Amino acid sequence: MAKVGAIYAKSLFELSKAHDIVDSISKNFDYFVDLYNDNPNIEKYLSNPIFSKDEKKIFIDKIVDDKLLSNFFKVLIDKRRESCILDIYSEYNKLVAADRGELTAIVKTAKKLNDEQIKSILSYLENKFNKKILIDEIIDETIKMGFVIDVEGIEIDATVDSAYNRLKSGLKRIEVKL
């Protein structure tokens, strides 16, 4: 599905860029996805084959103000790609960020980071990549302490488990002579 999402996202991005409405589409798409995530009935309705394509399109017209985005969703309905909306949204945001010269860092931690920690990570990453960085924080309870950062496939593992494994590996290479 992610590949399909990337293809549709690219089409939407190119259309919005050609019409110089990238920010407007982003805001309207954000609003739609917030509604979609907050109300599981929207997903159930859009993915339910009992409802006709025309009924779904009328529904889209009622909740999406932007004409281009509304027409885009109608194409998804015609192609039976309603289930790809969140993938498309994610891929679209990546394209917008790349166009703005931004990178997204996925930061996995055991508990929510405080503002000071986020600022520190941002500062480090912006210096390392020489770009504006956006943080996408994910709570991962399998991490005991520390964090894992992924930026464009480059992983920085600063977890206790990783440090322990590096230490253990280093100790195995040391020869002890008596």
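Which residue in β4 does V148 stand opposite? That residue is D157, and the pair is a handy way into this predicted model. The tour below starts with the sheet, moves on to the helices and the nonpolar cores, and ends with some backbone angles.

**The sheet**

- Four strands form an open sheet with mixed pairing, and their order across the sheet is β2-β1-β3-β4.
- The edges belong to β2 (132–139) and β4 (154–159); each has a single partner strand, so one side of each is left without a neighbour in the sheet.
- On average, and ignoring direction, neighbouring strands of this sheet are turned by 20 degrees against each other.
- Helix α7, covering residues 115–129, packs on the sheet and touches β1 (102–109), β2, β3 and β4. The direction of α7 makes about 135 degrees with that of β2.

**Strand pairs in the sheet**

- Strand β3 (residues 146–151) runs antiparallel to β4, and 6 bridges join the two.
- These two strands, β3 and β4, also form a hairpin with 2 residues between them.

**The nonpolar cores**

- As a general background, nonpolar side chains tend to be buried together in soluble globular proteins.
- The largest nonpolar core in this model contains 27 residues, and F29, F32, F73 and Y92 have the most contacts inside it.
- Several helices contribute to this core: α1, α2, α3 (40–47), α5 and α6 each supply at least two of its residues.
- What does F29 touch, leaving aside its neighbours within four places in sequence? The contacts of F29 are L12, L69, F73, I85, I88, Y89 and Y92.
- Another core, of 11 residues, lies apart from the largest one; V107, L125, I133 and I149 are among its members.

**Where α3 meets α4**

- The axes of α3 and helix α4 (residues 53–63) come within 9 Å and cross at roughly 145 degrees.
- From α3, the contact involves I42, Y45, L46 and S47, while α4 brings E55, K56, F59 and I60.
- By type, the residues of this contact divide into 5 nonpolar, 1 polar and 2 charged.

**Residues with a positive phi**

- D20 sits in the loop between α1 (2–18) and α2 (22–38), and its phi is positive, near 55 degrees. Is D20 buried or exposed? D20 is exposed, with a relative accessible area of 70%.
- R80 lies in the loop between α5 (67–78) and α6 (85–99), where its phi is also positive, near 55 degrees. With a relative accessibility of 49%, R80 counts as partly exposed.
- E152, in the turn of the hairpin formed by β3 and β4, has a positive phi of about 55 degrees.

Key:
Residues numbered from 1 in each chain as written. Predicted model: local features only at pLDDT ≥ 70, side-chain atom pairs only at ≥ 80, totals over all residues. Heavy atoms only, no water. Pairing = 2+ DSSP bridges. Axes fitted to C-alpha atoms, helices over the stretch in contact; angles between N-to-C directions. Contact = heavy atoms within 4.5 Å. Buried < 20%, exposed > 50% of the residue type's maximum accessible area, 1.4 Å probe, protein only. Core = buried A, V, L, I, M, F, W, Y, C linked by side-chain atoms within 4.5 Å. Nonpolar A, V, L, I, M, F, W, Y, C, P; charged D, E, K, R; others polar.
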